[in-house]
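Student: I have a structure open and I'd like to learn how to read it. Could we go through it feature by feature?

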Amino acid sequence: MGLLSIIRKIKKKEKEMRILMVGLDNSGKTTIVLKINGEDTSVISPTLGFNIKTIKYQKLVAA
């Protein structure tokens with residue numbers, strides 16, 4: 001799934017999206033995911049293998 005298909009899904013307002021983050025070791029991938037999910041990032045150890053995270057997003061409506 002590339003960036004173009006992600007943009008298409010956003011426009012179609014689909015309910016579920018899968019994103020794969022790849023990068024070099026110690027590049028901050030886990031930190032980014034934990035920050036988005038609102039988890040504590042002060043105690044992060046190197047990831048062995050891989051992580052699968054589910055992030056729920058609720059759009060805030062301005063009153």
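Tutor: Helices here are DSSP runs of H or I with at least four residues, strands are E runs of at least two, and both are numbered from the N terminus. Before going on: this is a predicted model, where local features need pLDDT of at least 70, side-chain atom pairs count only at pLDDT 80 or more, and totals for chains, interfaces and linings use all residues. Residues are numbered from 1 along each chain as its sequence is written, and side-chain values use heavy atoms, with hydrogens and water left out.

Student: Is Lys-29 buried, exposed or partly exposed?

Tutor: Buried means under 20% relative accessible area, exposed means over 50%, and partly exposed is in between (1.4 Å probe, protein chains only). Lys-29 has 24%, so it counts as partly exposed.

Student: What does Lys-29 touch, leaving out residues up to four places away in sequence?

Tutor: A contact means heavy atoms within 4.5 Å. On that basis Lys-29 touches Met-21, Val-22, Gly-23 and Leu-24. Its side chain also reaches the backbone oxygen of Leu-24 at 2.7 Å.

Student: Where does UniProt place the feature "binding site"?

Tutor: UniProt positions use the numbering used here, feature names are shortened, and annotations may be inferred rather than shown by experiment. The unreviewed UniProt entry puts "binding site" at Gly-23, Leu-24, Asp-25, Asn-26, Ser-27, Gly-28, Lys-29 and Thr-30. Thr-30 also lies in helix α2 and is partly exposed at 23%. Setting aside neighbours within four places in sequence, Thr-30 is in contact with Ile-44, Thr-47 and Asn-51.

Student: How many salt bridges does a search of the whole structure find?

Tutor: Side chains of opposite charge can pair when their charged atoms come close. A salt bridge needs a side-chain nitrogen of Lys or Arg within 4 Å of a carboxyl oxygen of Asp or Glu. The search of the whole structure finds one. Lys-53 and Glu-39 meet in a salt bridge through their side chains, at 3.4 Å from N to O. Both residues lie in the segment after α2, so the pair ties together parts that are 14 residues apart in sequence. Lys-53 is partly exposed at 39%, and Glu-39 is partly exposed at 34%.

Student: Which residues make the nonpolar surface patch?

Tutor: Met-17, Ile-19, Met-21, Ile-32, Ile-36 and Ile-55 make a patch of about 560 Å². Ile-32 is found in helix α2, residues 29-37, and is partly exposed at 44%. Patch residues have over 30% relative accessible area and no salt bridge; like charges are joined within 9 Å, nonpolar side chains (Val, Leu, Ile, Met, Phe, Trp, Tyr) within 5 Å. Areas come from the Shrake-Rupley method with a 1.4 Å probe, and for residues only the protein chains shown count as cover.

Terms used. A polar contact is a pair of N or O atoms within 3.5 Å; within protein, one must be able to donate a hydrogen and the other to accept it, and residues adjacent in sequence count only if both atoms are side-chain atoms.
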